[in-house]
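Please keep the sequence and the model at hand while reading.

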Amino acid sequence: MSGQPPLHLGVNCPGLGSYRNAWRRDGIDPLGTANPDFYVRVARTAERGLFDAIFTADVPALTPSWETEPQRATLDPVVALTLAAHETEYVGVVATVSSTWHHPYNLARSIATLDRISRGRAGWNVVTSYNPLVSPNYGLDVLPPKTERYARAREFLDVVQDLWHTWSPEAIVADKRNGRYAAADGVRPIRHRGEFFSVTGGGLVPPSPQGIPVVFQAGGSADGLDLAARHADATFVAAATIDAARDYRVGLDAASAAARTPGRTPVLALPGLVLTLGSTDEEARRRREELADPESEAATLAMLAQRLGVPAEDIDLDSPLALDDSHFEKQRHATSEGFLRSLASLGESGRTVREIVRDGIGHLAVTGGPKPF
């Protein structure tokens with residue numbers, strides 16, 4: 001509509017859907033996320049629907065439920081999205097890679113390579129990781145404290161941005177006659193010495209048509225908002241109610257004002273939706289009834305209990321979810337603060353725990369069929 005801001009839409013690929021037992025339905029390939037064609041199909045569908053981007057989450061750990069459900073996002077997200085980018089023309093491709101477990105030089109090079117292969121359609125979703133199951137895969141018995149993870153992330157992003165800016169868009173002149181490949185003032189080597197990293201040299205990948213990759217971030221804590229304000233172009237938001245979304249926007253704007261980073265455009269905030277769709281509203285509701293089986297709801301309740309830091313059996317399913325400051329203080333370093341705030345907003349709206357578990361936790365749940373404009 002004329003005069004209205006553009007609507008940005010992305011598709012999250014968290015495996016085979018939000019319902020735990022969806023993989024058992026007829027017509028579903030249980031090995032879907034281990035098949036490269038899965039990512040190509042999702043990317044092509046998103047492109048056909050005029051979506052801005054597809055996004056892959058990543059939890060590089062063998063989860064406790066490995067015996068009863070497929071592991072999520074099985075393939076390496078950067079490699080899988082490289083294939084998807086090669087098979088599409090317009091849709092963006094956003095890979096999740098943690099700053100806690102990787103080195104900025106390798107990350108900068110792989111995401112910049114994805115950006116070149118996609119001809120300027122790549123993004124990086126930077127996460128600091130709060131799942132303790134991931135730590136042992138990278139040689140650590142204990143997950144680093146949250147403050148340390150964010151301090152590392154801030155320096156990580158500084159280094160990555162410097163590496164991405166090694167080559168200016170006009171650096172390569174490729175003058176064959178005079179034997180001059182690059183302009184001397186177009187290349188800026190990096191000499192970084194910091195608390196976590198020492199990087200001397202420079203990036204190897206020239207800029208893509210979009211310049212440098214887009215940066216996404218998903219943290220809802222004060223540290224996460226500060227990181228987004230300083231480095232992110234867009235954020236993923238857990239906001240199951242309008243109040244939660246509004247509070248997040250206010251917090252992000254305040255963090256951006258405090259950061260005072262010159263030349264920064266306002267950071268986009270993209271709230272999540274959990275969709276159960278059908279050709280009609282009735283079909284969508286029926287599909288949701290089929291998917292919301294007791295096993296799935298028990299698994300969701302266990303996840304909720306883990307996020308709250310309480311035994312599942314201590315939760316009263318038929319009472320509104322009540323969260324206070326003690327929950328945030330206790331779980332601040334063990335789960336996503338953004339998800340906790342989203343859950344708190346559901347409790348304040350009067351939703352019972354049973355209703356929250358049924359709809360899925362953290363994001364707004366929508367069930368229905370297509371409607372004409």
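The paragraphs below describe the ring pairs, their geometry and their accessibility.

This is a predicted model, in which local features need pLDDT of at least 70 and side-chain atom pairs count only at pLDDT 80 or more, while totals for chains, interfaces and linings use all residues. Residues are numbered from 1 along each chain as its sequence is written, and side-chain values use heavy atoms, with hydrogens and water left out.

Rings of Phe, Tyr and Trp (its six-membered ring) are paired if their centres lie within 6.5 Å, and the planes count as stacked when under 30 degrees apart, as edge-to-face when over 60 and as tilted for the rest. By this rule there are nine aromatic pairs. One of them joins phenylalanine 55 and phenylalanine 236, a tilted pair with 4.3 Å centre to centre and 45 degrees between the planes. This pair links distant parts of the chain, since phenylalanine 55 belongs to strand 2 (residues 53-56) and phenylalanine 236 to strand 10 (residues 234-237), 181 residues apart; strands are DSSP runs of E with at least two residues, numbered from the N terminus.

Tryptophan 101 and tyrosine 138 form a stacked pair, because their ring centres are 5.3 Å apart and their planes at 10 degrees.

| Residue | Relative accessibility | Class |
|---|---|---|
| Phenylalanine 55 | 10% | buried |
| Phenylalanine 236 | 22% | partly exposed |
| Tryptophan 101 | 9% | buried |
| Tyrosine 138 | 34% | partly exposed |

Elsewhere, ring pairs connect Trp124, Phe156, Trp164, Phe196 and Phe197 into a cluster.

Technical notes
Helix = DSSP H or I, 4+ residues; strand = E, 2+ residues; numbered from the N terminus. Buried < 20%, exposed > 50% of the residue type's maximum accessible area, 1.4 Å probe, protein only.
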